Amino acid sequence: MLKTFNKNFLKKQALKFFFLGLFFCMAIIWLFGNYNLSNAATSTDGQNISITVSSSVPFHCNDSVQNFDETNVDCGGVDCASCPNHCTNSIQDEDETGVDCGGSLCPACPNHCTNSIKDADETGVDCGGALCPSCGGGGGGGGGGGGGFTVAQINLSGFAYPNRPVTILKDGQIVATVTANNLGSFQQVFTNIPAGTYRFSVYATDINGNKSSSVVFPITISTWSTITADDIIVPPTLSADKSSVKKGESLTLFGQSAPSAEVSLYSKKSDEIVEHLLATMYSGLNGTFSFSVNTNLLEQKMYSNRAKEKLGSLSSEFSNYADFTVGEESKPAPTGCPAKGDVNDDCRVNLVDFSITAYWYKRTVSESFKQIEKIKLSGDGQVNLTDFSILAYYWTG
């Protein structure tokens with residue numbers, strides 16, 4: 001009986017462990033059969049879900065301090081992300097000697113001594129400091145020039161009157177006279193001009209000996225630069241054959257421009273502010289032009305007239321004024337230039353002469369301008385109120 005009991009007990013225990021082992025095996029199979037070792041998971045509706053697996057970042061990579069083995073703040077080294085390229089961040093950092101240039105990794109910096117800017121440790125534009133040449137002393141000749149450095153050249157070119165002289169001045173002093181060719185074209189090259197700022201002016205003398213108004217422009221020269229000023233259009237000359245004309249008699253306005261230029265004449269009465277277009281014409285192959293004024297249509301007043309020319313898309317500035325008066329009698333126009341005040345020799349005394357003279361006010365006058373002052377102004381070797389009084393007296397506008 002005991003033997004029978006033992007057999008039954010053992011069968012029950014074996015059966016129990018069988019079912020437990022079977023359940024355990026099914027559980028293992030179910031568990032590992034549904035677990036995905038990749039970075040993908042399944043949602044409750046069976047859709048794949050992307051999962052990003054990331055490790056934690058060491059604390060020193062986010063503390064805004066360059067520490068441990070970082071090569072910059074919170075970047076570089078073993079643990080932190082690699083640093084961005086400091087040669088492209090528009091900041092002068094790391095060992096750069098300029099913004100994003102120089103140092104051990106970035107490309108070499110351009111030469112700041114030739115960029116026409118006062119930068120780095122320069123004491124002047126492209127001069128002074130550790131790398132650039134010395135800025136040298138102050139400057140003779142006026143206009144702020146005279147640094148001791150020279151430029152490659154200054155190229156001036158443009159159009160004036162065919163086969164007529166063109167005069168070029170620097171700070172009121174004649175530095176060159178050239179002759180335009182038969183097309184009215186001229187050019188002049190200057191070399192070895194000290195660095196600085198200068199006031200250049202250009203005028204021409206026409207076939208009748210009349211001088212144009214001046215084209216005035218500043219030129220700033222930096223070390224070893226080349227300056228080109230082209231398309232300079234010298235304004236036409238304009239004269240009247242009478243200073244006063246009897247109403248009903250003829251009067252002629254005439255002058256010279258570049259050949260085959262479109263010339264426009266403008267006029268206004270003495271009591272008018274705005275001038276109106278009087279006539280438009282083309283000059284001849286030699287640049288001359290003329291216009292006959294019908295004085296029957298005019299009131300007995302003074303008239304101020306001036307002209308400008310157009311060459312293709314280029315236009316000149318206005319000419320000097322040519323004035324005449326319609327009255328009771330006719331008088332020929334005066335000839336010759338003002339006895340005093342005509343500093344730039346254009347037979348006019350106007351703002352150009354005033355500007356040139358004003359430059360030397362309360363300055364040491366250069367030797368070359370002393371010669372001009374002696375002939376054209378008071379002749380005392382300096383610029384003062386007496387000289388400005390002379391300009392006012394001989395003023396032609």
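These are my notebook entries on a predicted model.

**Ground rules.** I number residues from 1 along each chain as its sequence is written, and I use heavy atoms for side-chain values, leaving out hydrogens and water. Because the model is predicted, local features need pLDDT of at least 70 and side-chain atom pairs count only at pLDDT 80 or more, while totals for chains, interfaces and linings use all residues.

**Entry: T167.** I looked up T167 and found it in strand 4, residues 165-170. Strands (E, at least two residues) and helices (H or I, at least four) are DSSP runs, numbered from the N terminus. T167 is buried, at 7% relative accessible area. Buried means under 20%, exposed over 50%, and partly exposed in between, with a 1.4 Å probe and protein chains only. Setting aside neighbours within four places in sequence, I listed its contacts as I174, A176, T177, S201, V202 and Y203. Contact means heavy atoms within 4.5 Å.

**Entry: cores.** I then checked the nonpolar cores, which are sets of buried Ala, Val, Leu, Ile, Met, Phe, Trp, Tyr and Cys residues joined through side-chain atoms within 4.5 Å. The largest has 24 residues, and I154, L156, F186, F200 and F217 have the most contacts inside it. Elements giving two or more residues to this core include strand 3 (153-159), strand 4 and strand 9 (226-233). F217 is in contact with L156, Y198, R199, F200, V202, A229 and I232, leaving aside neighbours within four places in sequence. A second, separate core has 17 residues, among them L251, A279, Y303 and A322.

**Entry: S212.** I located S212 in the loop between strand 7 and strand 8. Is S212 buried or exposed? It is buried, with a relative accessible area of 0%. Not counting residues up to four places away in sequence, S212 touches Y161, Y203, A204, V234, P235, T237, N320 and D346. I also noted R348: it lies 136 residues from S212 along the chain, yet their C-alpha atoms are separated by 9.1 Å.

**Entry: helix 2.** In helix 2 (residues 351-359), I marked V352, D353, I356 and T357 as buried. Down the helix axis, the buried residues fall within an arc of 130 degrees, so they line one face. I take the arc from the directions between the helix axis and the C-beta atoms. These buried residues pack against strand 8, helix 3 (367-376) and helix 4.

**Entry: W395.** Last, I found W395 in the segment after helix 4 (385-393). W395 counts as partly exposed, at 39% relative accessibility.
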